[in-house]
Amino acid sequence: MNLRCTKYKIHFARATPLYLFHHSCNMPWRWRAVLHINKHFEMSYIRSKTATIYYEEHGAGETLILLPGLLGTIESHWRRFIPSLAEHFHVIAVDLRGHGKTDNPSHELRLHHLVGDLFALYESLDIDTARICGYSLGGYVGLAVGVQNPGTVDSLLMHGTKFYW
């Protein structure tokens with residue numbers, strides 16, 4: 001796989017998203033949508049094996065991945081916390097498969113798909129290890145990632161997580 005790919009960034013004076021698809025490299029599954037407001041704010045997409053995953057990046061520092069719960073999104077679960085967290089961490093907020101701006105072509109919500117999506121995010125963003133904060137289903141996904149590959153999770157905070165998924 002050729003990981004050298006041109007990243008196109010578009011700057012806006014106002015908060016208007018533009019999705020820029022590019023197929024100019026050997027990774028046709030990857031595109032990025034970039035939105036810049038007053039503070040550094042980037043919204044992007046990556047492609048896992050079976051879905052297109054939406055995520056946002058904020059701030060700098062150690063990586064903190066925020067995973068919402070079932071039927072939750074970045075907007076509904078994390079938006080109000082991101083500014084404070086971004087003062088101390090490189091925050092990556094993710095919409096899980098079938099939620100928010102992430103699609104779900106299989107129309108199934110299975111743990112192995114959700115974990116695979118998160119591993120695709122790690123690979124795409126060159127993340128070796130991260131802190132994960134997950135609410136409900138997001139906590140369970142974080143736990144599954146840590147169990148399957150312990151070196152990828154520095155710490156895990158789970159809130160409202162049940163183990164029946």
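**What the labels rest on**

Modeller: The protein chain has 4 helices and 8 strands, where helices (H or I, at least four residues) and strands (E, at least two) are DSSP runs numbered from the N terminus. Along the sequence they run β-β-β-β-β-α-α-β-α-β-α-β. This is a predicted model, where local features need pLDDT of at least 70 and side-chain atom pairs count only at pLDDT 80 or more, while totals for chains, interfaces and linings use all residues. Residues are numbered from 1 along each chain as its sequence is written, and side-chain values use heavy atoms, with hydrogens and water left out.

Biologist: Why is D117 called buried?

Modeller: Buried means under 20% relative accessible area, exposed over 50%, and partly exposed in between (1.4 Å probe, protein chains only). D117 has 5% relative accessibility, so it counts as buried. This residue lies in helix α3 and, leaving out residues up to four places away in sequence, touches I46, S48, A51, I53 and R97; contact means heavy atoms within 4.5 Å.

Biologist: And what makes strand β4 largely enclosed?

Modeller: In β4 (residues 52–58), 7 of the 7 residues are buried, so the rest of the structure largely encloses the strand. Both faces are covered: T52, Y54, E56 and H58 are buried on one side, and I53, Y55 and E57 on the other.

Biologist: How do you know that β4 and β6 pair?

Modeller: Two strands pair if DSSP finds at least two bridges between them. β4 and β6 have 4 bridges, in the antiparallel sense, and Y55 has V94 of β6 as its bridge partner.

Biologist: What makes a set of residues a nonpolar core?

Modeller: The set has to consist of buried Ala, Val, Leu, Ile, Met, Phe, Trp, Tyr and Cys residues joined through side-chain atoms within 4.5 Å. The largest one here holds 24 residues, and I65, L67, I92, V94, L118, L121 and Y122 touch the most other members. Two or more residues each come from β4, β5 (62–67), β6, α3, β7 (130–135) and α4 (137–148). Helix α3 gives the largest share, 6 residues. There's also a second, separate core of 13 residues, including M43, I74, A86 and F89. In soluble globular proteins, nonpolar side chains tend to be buried together.

Biologist: What does I92 touch beyond its neighbours within four places in sequence?

Modeller: I92 is in contact with Y55, E56, E57, T63, L64, I65, L66, L121, L125 and I127.

Biologist: Over to the surface. Why does L109 count as partly exposed?

Modeller: Its relative accessibility is 39%, so L109 falls in the partly exposed class. L109 sits in the loop between β6 (89–94) and α3 (111–124).

Biologist: What makes H107 and D126 stand out?

Modeller: Phi. Most residues other than glycine have a negative phi. H107 has a positive phi near 60° without being a glycine, and D126 has a positive phi of about 60°, again without being a glycine. H107 is in the loop between β6 and α3, while D126 is in the loop between α3 and β7.

Biologist: Buried or exposed, those two?

Modeller: H107 has 71% relative accessibility, so it counts as exposed. D126 has 67%, so it is exposed as well.

Biologist: How much of the protein chain is buried?

Modeller: Buried residues are 48% of the 165.
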